[in-house]
Amino acid sequence: METINIRQAQLDLKELFERAEPSFGEYRTSEYIKERLNAMGLTDWKTCNTGIFGTIDAGKEKTVGIRADMDALPANTEKTEYMHLCGHHANMTTILGVLENITKNRDKLKYNVRYIFQPAEEVIGGAVTMIEAGCMEGVDEVFATHTTPDVALGSVALIAGGCMAGSNHFEVRIKGKSTHAAMPSSGTDTVTAACEYVMSMQTAITRLKNPVDPGLISFGMINGGTAANILPETVVLQGTFRHFDPVVKEVIHNAMQTRLKAIEEFYGVTGELIIHDGTPPVICDKDLVAKLINLSNAKDITVSRYDRKSMGGEDFAFMTELAKGAFIWQGVSTGGYQPPLHNKDYRVPDEAVYPGIKLLTAYLTD
Ligand SMILES: [Zn+2]
Ligand SMILES: [Zn+2]
């Protein structure tokens, strides 16, 4: 049982793409999902903000969760304010396609199914609010899909173990005494202090952690100063660090603190480090991934050899902390240059969602 209602999938993709909305503002998207669920006879769902979750009780022992994220990204074009530049309309369409198949074949279900449409993945927060509302209660296994330009259109990629990195954002405030840029010794030089801090963190990443363990630190923002000849009182840095292992997380965290202390002392400035705890890494269960690969082979779904971890973060990680799970990449690449995720030109061809619908339907029913 693996038919795909292609016309419906195309309609869902188009409609959800047109309804692109910001994180926690997915009102029209949510309305569409509810309409579609109702049309499938699924009326017993709960809401949490704009999120929706419900259960198809097949009277089975195990419950399997299938999750899609709902939010879009700022596009700032003349035509539209928001656009699905991370392809979340495709993730929703995939889950709707699976639900469409299994609601027509309830007698073939091997598991109870918990469907989860989650808001606000991009700002990290949607998964946690949904979990607090109970979306993971009683869930034994959980799956999510996401499109990627790194994999060929029409195929899936499955990675066992760490798949997407743990992510934490931070802010560093370096404060001193403003002075004439030509007389640095009359005050403090917060600019040079900040630059040294940025560069020393890149050294920390290569020298203090085991080089075979992935880890990354990037500064995306440096703010300070008003004129070429004034050393500013404050420089603010913002950035993010990524890891797959709590040991690496701790190494980076400690390095950030000890270097800041050393810089305070050397430059006569004060430093403040604020770390916003983000997401843990997405860890895909080895056995579940093996099962999905075998099933893909049996169902003639092409499995890409792509097996690279991503340093991107995903709040699906909070769900895989509560139940065994796997992340299914669906390829969009048609060869040549592919705009990356979040790029203004990132698009998802209709065929990208078919393998995910087929694979999850097979997993739940075969
Ligand atoms: Zn994204
Ligand atoms: Zn995304």
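Author: A residue is called buried if 20 or more other C-beta atoms lie within 10 Å of its own, exposed if 12 or fewer do, and partly exposed in between, with C-beta atoms placed from the backbone. The model is predicted: local features need pLDDT of at least 70, side-chain atom pairs count only at pLDDT 80 or more, and totals for chains, interfaces and linings use all residues. Residues are numbered from 1 along each chain as its sequence is written, while chains are lettered from A and ligands numbered from 1 in the order in which they are written.

Reader: Is Cys86 buried or exposed?

Author: Cys86 counts as buried, because it has 22 C-beta neighbours inside 10 Å.

Reader: And where is the place of Cys86?

Author: Cys86 is in the loop between strand S5 (82-83) and helix H3 (88-103). Helices (H or I, at least four residues) and strands (E, at least two) are DSSP runs, numbered from the N terminus.

Reader: Which residues does Cys86 touch, leaving out those up to four places away in sequence?

Author: Cys86 touches Leu73, Glu122, Leu341 and His342. Contact requires C-beta atoms, placed from the backbone, to lie within 7 Å.

Reader: What about Glu122: buried or exposed?

Author: Glu122 is buried as well, with 21 C-beta neighbours inside 10 Å. Beyond four places in sequence, Glu122 is in contact with Ser23, Asp71, Leu73 and Cys86.

Reader: Which residues does UniProt place under "binding site"?

Author: The unreviewed UniProt entry places that feature at Cys86, His88, Glu122, His146 and His342. They span 257 residues in sequence, yet no two of their C-alpha atoms are more than 12.9 Å apart, so they gather at one spot. UniProt positions are given in the numbering used here, feature names are shortened, and annotations may be inferred rather than shown by experiment.

Reader: Changing topic, in what order do the four strands of the open sheet come?

Author: The order is S12-S14-S10-S15, with antiparallel pairing; two strands pair if DSSP finds at least two bridges between them. Strands S12 (215-224) and S15 (270-279) stand at the edges with a single partner strand each, so one side of each is left without a neighbour in the sheet.

Reader: How many bridges join S12 to S14?

Author: Nine bridges join S12 to strand S14 (residues 234-243).

Reader: Which strands does helix H6 lie across?

Author: Helix H6 (residues 246-267) lies across S10, S12, S14 and S15, running at about 165° to S15. Axes are lines fitted to C-alpha atoms, for helices over the stretch in contact, and angles run from 0 to 180 degrees between N-to-C directions.

How values were computed. Two residues are in contact if their C-beta atoms, placed from the backbone, lie within 7 Å.
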